[in-house]
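Colleague: I would like to go through the terms used for this structure and see what each one rests on. Can we take them in turn?

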Amino acid sequence: NDYRKIEVSNVSINSVKIKSTTKATLEVKAEVKNPTKKNISLLNAEGMLLKENRDFILFSLADTVTLAPGADMTIIIPVDGKVVDPIGILSSGLDIKSWNKDNFSVEGAFTVKMGKCPKQRVKINNTPVRTILDYLRKR
């Protein structure tokens, strides 16, 4: 599977744009290498960020992200978020970078497409955020 050849590293939150008291857009920054000969697109991502196994922030991909064949670049992934637990956000603090990643997990799905191949949907079930970040950093 060509997807396994993609390298992702240095994942971080680049910026947070507050839209209202419960909505924001985050820009997730990552360094990505696509050594394949095909375009690779993240078409959709949606799910729930859980804090200590409770619904915390509903998220979705704000715009499609595509990597050209042979790309070796830094990308920005725009993610829309809606707080479903306002008390939880206040108790966590407004500085996202200071949050303890061990308290968070993700449930959701994302859809990717490579070249002319059919779309693939991948589900994530209550996966710790630290596990996801460690996996991306090791690739």
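Modeller: Two strands pair if DSSP finds at least two bridges between them. Bear in mind that this is a predicted model.

Colleague: What makes strand 1 and strand 2 a pair?

Modeller: Strand 1 (residues 7-18) and strand 2 (residues 23-33) share nine bridges, and at least two are needed, so they pair. Their sense is antiparallel. In that pairing Ile18 stands opposite Ala24 of strand 2. Four residues lie between the two strands, which form a hairpin.

Colleague: How do you know that strand 2 also pairs with strand 6?

Modeller: Eleven bridges join strand 2 to strand 6 (residues 72-83). The requirement is at least two, so these strands pair as well. They run antiparallel, with Thr25 opposite Asp80 in strand 6.

Colleague: Why is Lys19 called exposed?

Modeller: Lys19 sits in the loop between strand 1 and strand 2. Its relative accessibility is 56%; exposed means over 50%, so Lys19 counts as exposed.

Colleague: What makes the link between the side chains of Lys19 and Thr25 a polar contact?

Modeller: The distance is 3.0 Å, and the cut-off is within 3.5 Å, so the pair qualifies on distance. The side chain of Lys19 also makes a polar contact with that of Asp80, at 3.5 Å.

Colleague: Which residues is Lys19 in contact with, leaving aside neighbours within four places in sequence?

Modeller: Ala24, Thr25 and Asp80. As for Gly81, 62 residues away from Lys19 along the chain, the C-alpha atoms of the two are separated by 9.7 Å.

Note on methods: Residues numbered from 1 in each chain as written. Predicted model: local features only at pLDDT ≥ 70, side-chain atom pairs only at ≥ 80, totals over all residues. Heavy atoms only, no water. Buried < 20%, exposed > 50% of the residue type's maximum accessible area, 1.4 Å probe, protein only. Contact = heavy atoms within 4.5 Å. Polar contact = N/O pair within 3.5 Å; in protein donor to acceptor, adjacent residues only side chain to side chain.
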